[in-house]
Amino acid sequence: MKDTFYVTTPIYYVNDVPHIGHAYTTIACDALARWHRMKGQKVFFLTGTDEHGEKVHKSAAAQGIAPKELADRVVTRFQGLSPALTISNDGFIRTSEPRHYAAVQAIFRKSLANGDIYLGEYEGWYCTPCESYWTELQLVDGACPDCGRPAEKRKEPSYFFRLSKYQDALLDHYAKNPKFIRPESRRNEVIAFVEQGLNDLSVSRTSLSWGIPVPDAEGHVVYVWYDALTNYLTGLGYPEATEELAAFWPADLHMVGKDILRFHAVYWPAFLLSGGIEPPRCVFAHGWWTVEGQKMSKSLGNVVDPYDMAARYGPDAFRFFLLREVPFGKDGDFSNKALVDRINSDLANNLGNLLNRSLNMLGKYCDSVVPSPSAPAPSDDALRGAAVEVVPAADAAMEDVEFHKVLAAILSVSDAANRYLDANAPWSMAKDPASRDRLGTVLYNALEAARVSVLLLSPFIPTAAQRMWEALDCPGRVEQAVLSEAGRWGGLRIGATLPRSVIAFPRIEEP
Ligand SMILES: [Zn+2]
C-alpha cells in the first residue's frame, strides 16, 4: 500500500452558490479522505474556488463591485461547507491567491520555453455587450445564447497550447493506465474524442482583464481553464519543491462532475506532460442529481441547498443519503421523502436499532457491564465471519469508488446482528440462570458487530459514528482509529460500563 493519498474536488466557480452538486463531490472526496486516513495513509484533501474569468467579472460589474470583492463574498459560502457538512479538507485554494499566480505562470513558462505554447489568433463569435466569445454551435439562431443579441465574428491575438501534438501521448497514457479515467463508460467516451484528433487550444485572452497575466505578454490573461486546472499543483506548493509536492504528487484522484471530465482527462494531462510533470493517477467522473424527477434550476425553485439539508436532517443523514442512494458514477434523483426513507430504514431501523436494543438488554440483564464472550456456539460463527469479511470487502469497494456497495456491505453486518439477536432471543435466556454465560456471549457479539459497523461507517457519518463509538466505550476519536487494528474482531472492552441507550439516528417523522 502507498503511504500517501491525494484527493481533490474541482474548484468551484464563485459565480454560483453551493448546491447539491458541489456538496456531492465534496462529500464523496471527504469519505475517501477519511477512509484512507483510517487505513493509516497520510492524506491530503484539497478543495477550493475558481475565481477568475468572464462570468465573475460580469457579475461583479453588475453589482458595481470589483471581481475580487465578489469572490471574497461568495468564497465564504464554499468555505462554510466544511463545518456545515463535517468536511475534513486539508487545504482550500483560491485562484486569486498570489501562490496560485506563481504556479500558473511557472507551468505556462515551461510550455512557452519548449514551444508547446505559441502566439496565434483566436477567432470566434463575439457578443460585445456580454464581452463573450461563443462557438458556432453555441449560438442560437446566430445570436448570443445569453442575451439574444447578434454576435459578430471577431479575432484577437491569443496564445495557443499545442494540444494536437499530445494526441498519441494521451492515447498511450490511457492504454497504459486503464484506471486513469473512471468509470469505464466515461473512459471510452474520452478515448473516442481524442481519437478524432485534437485542435490546439487557446489559452489566453486579451478581451478580459480579470485573470492571471501571461508572463511577459502585456494585455494577455491566462484562459480560465488553464488557470483553474493548475490549482491541483498550487495546493501542494508548486512551483516550490515542497515536501507536500514530493509526497503527494501525482494526485491519486481528481473527483469531477461528468460535464468537466474532458478538461481533466484530456487538457490537464497534456499540460502536465508538456511541463514535464507526471499526470494524476485517476480522474473519476460522477453523475448528476435531478430533484423529484426534474432538472434542478433556479427558475423552478427546486435547488437543493446543502446548508438547509444539514440544518434540517443533520450532516450525517445528507452525506449518507447521497453516497448510499445511487451507484456512484450514475445519475440520481433527490427527494426529501427518499432521504427520510433511506435514513429510517438503513440507519434508524438497522444500525441504530441494533445498538439501542443491545445496550438496553445489556442494562437489563448485565448491569450495563460488557460481559466476556465465554460460551461460544456455532451460530456465533456466521456473525463473526460477516464482520471479519466485511473489512477487506469494503476496502476493495472503496478502492473502486463504489460507495453504495461499501455501505450496503457494512449494513449487511448490522442487519445480520439484528437477525442473530432475534434467533438467539436473549430475553428468553435471561429467564434461565443456566443460560447466563450464553446470554453474555450473545450480547457481546451483537455489540461487537455494532462496533465494527460504526468504525466502517465513520468516514460517511462522522458525527453519529463518534457518538456511537463513545457509547461503546471505544478509546479516542473514531477518525483516529486504524482499520488494521480497530477493524479486528474482539475490540470491545470486557468489563466496560455502557449507557442504556444512545441517540444515534432517531427515526425522522415527516408529514
Ligand atoms: Zn450577449
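Reader: Is Arg324 buried or exposed?
Author: The model is a predicted one. In it, Arg324 has a relative accessibility of 17%. The limit for a buried residue is under 20%, so Arg324 counts as buried.

Reader: With which residue does Arg324 form a salt bridge?
Author: The closest N and O atoms of the pair are 2.8 Å apart, and the cut-off for a salt bridge is 4 Å. The partner counts as buried, with Asp346 at 9% relative accessibility. Arg324 lies in helix 13 (residues 315-325) and its partner in helix 14 (residues 336-366), 22 residues apart, so that distant parts of the chain are linked. The residue that pairs with Arg324 is Asp346.

Reader: How many residues of helix 13 are buried?
Author: The buried residues of helix 13 include Pro315, Asp316, Phe318, Arg319 and Leu323. Helix 13 is largely enclosed by the rest of the structure. The count of buried residues in helix 13 is 10 of the 11.

Reader: At what angle do helix 13 and helix 16 pack?
Author: Helix 16 covers residues 403-424, and its axis is 7 Å from that of helix 13. Helix 13 is roughly perpendicular to helix 16, a description that applies to angles of 65 to 115 degrees. The angle between helix 13 and helix 16 is about 110°.

Reader: Which residues of helix 13 meet helix 16?
Author: On the side of helix 16, the residues in this contact are Phe403, His404, Leu407, Ala408 and Leu411. By class, the contact of helix 13 with helix 16 has 6 nonpolar, 1 polar and 1 charged residues. From helix 13, the residues that take part are Phe320, Leu323 and Arg324.

Reader: How many residues has the largest nonpolar core?
Author: In soluble globular proteins, nonpolar side chains tend to be buried together. Here, the residues with the most contacts inside the largest core are Phe318, Leu323, Phe334 and Phe403. Helix 14 gives the most to this core, namely 14 residues. The size of the largest nonpolar core is 117 residues.

Reader: With which residues is Phe403 in contact, leaving aside its neighbours within four places in sequence?
Author: Phe403 is among the residues with the most contacts inside the largest core, and Phe403 also belongs to the contact of helix 16 with helix 13. Once the neighbours within four places in sequence are left aside, the residues in contact with Phe403 are Ala28, Ala31, Leu32, Leu323, Phe328, Met398 and Phe460.

Reader: How far apart are the axes of helix 6 and helix 11?
Author: Helix 6 (residues 167-176) and helix 11 (residues 261-274) pack at an angle of about 105°, and the two are therefore roughly perpendicular to each other. Ala169, Leu170 and Tyr174 in helix 6 meet Ala265, Val266, Pro269, Ala270 and Leu273 in helix 11. The residues of this contact divide into 8 nonpolar, no polar and no charged. The distance between the axes of helix 6 and helix 11 is 10 Å.

Reader: How many residues apart in sequence are the parts that Arg34 and Glu479 tie together?
Author: The side chains of Arg34 and Glu479 meet in a salt bridge, at 3.3 Å from N to O. Arg34 lies in helix 1 (residues 20-38), whereas Glu479 lies in the loop between helix 19 (462-471) and helix 20 (483-486). Arg34 is buried at a relative accessible area of 11%, while Glu479 is partly exposed at 41%. The pair therefore ties together parts whose separation in sequence is 445 residues.

Reader: Where do Lys337 and Asp341 lie?
Author: Their side chains meet in a salt bridge, at 2.6 Å from N to O. Lys337 is exposed, with a relative accessible area of 58%, and Asp341 is partly exposed, with 38%. The two residues are 4 apart, about one turn of the helix, and both lie in helix 14.

Reader: How many salt bridges does a search of the whole structure find?
Author: Side chains of opposite charge can pair when their charged atoms come close. Examples in this model include the pair of Asp346 with Arg324 and that of Lys337 with Asp341. Over the whole structure, the number of salt bridges found is 34.

Reader: What percentage of the residues in the protein chain is buried?
Author: The protein chain has 20 helices and 14 strands. Its C-alpha atoms fill a box of roughly 90 × 50 × 40 Å along the principal axes. Of the 511 residues in the protein chain, the buried share is 58%.

Key: Residues numbered from 1 in each chain as written. Predicted model: local features only at pLDDT ≥ 70, side-chain atom pairs only at ≥ 80, totals over all residues. Heavy atoms only, no water. Buried < 20%, exposed > 50% of the residue type's maximum accessible area, 1.4 Å probe, protein only. Core = buried A, V, L, I, M, F, W, Y, C linked by side-chain atoms within 4.5 Å. Contact = heavy atoms within 4.5 Å. Axes fitted to C-alpha atoms, helices over the stretch in contact; angles between N-to-C directions. Parallel < 35°, antiparallel > 145°, perpendicular 65-115°, else oblique. Nonpolar A, V, L, I, M, F, W, Y, C, P; charged D, E, K, R; others polar.
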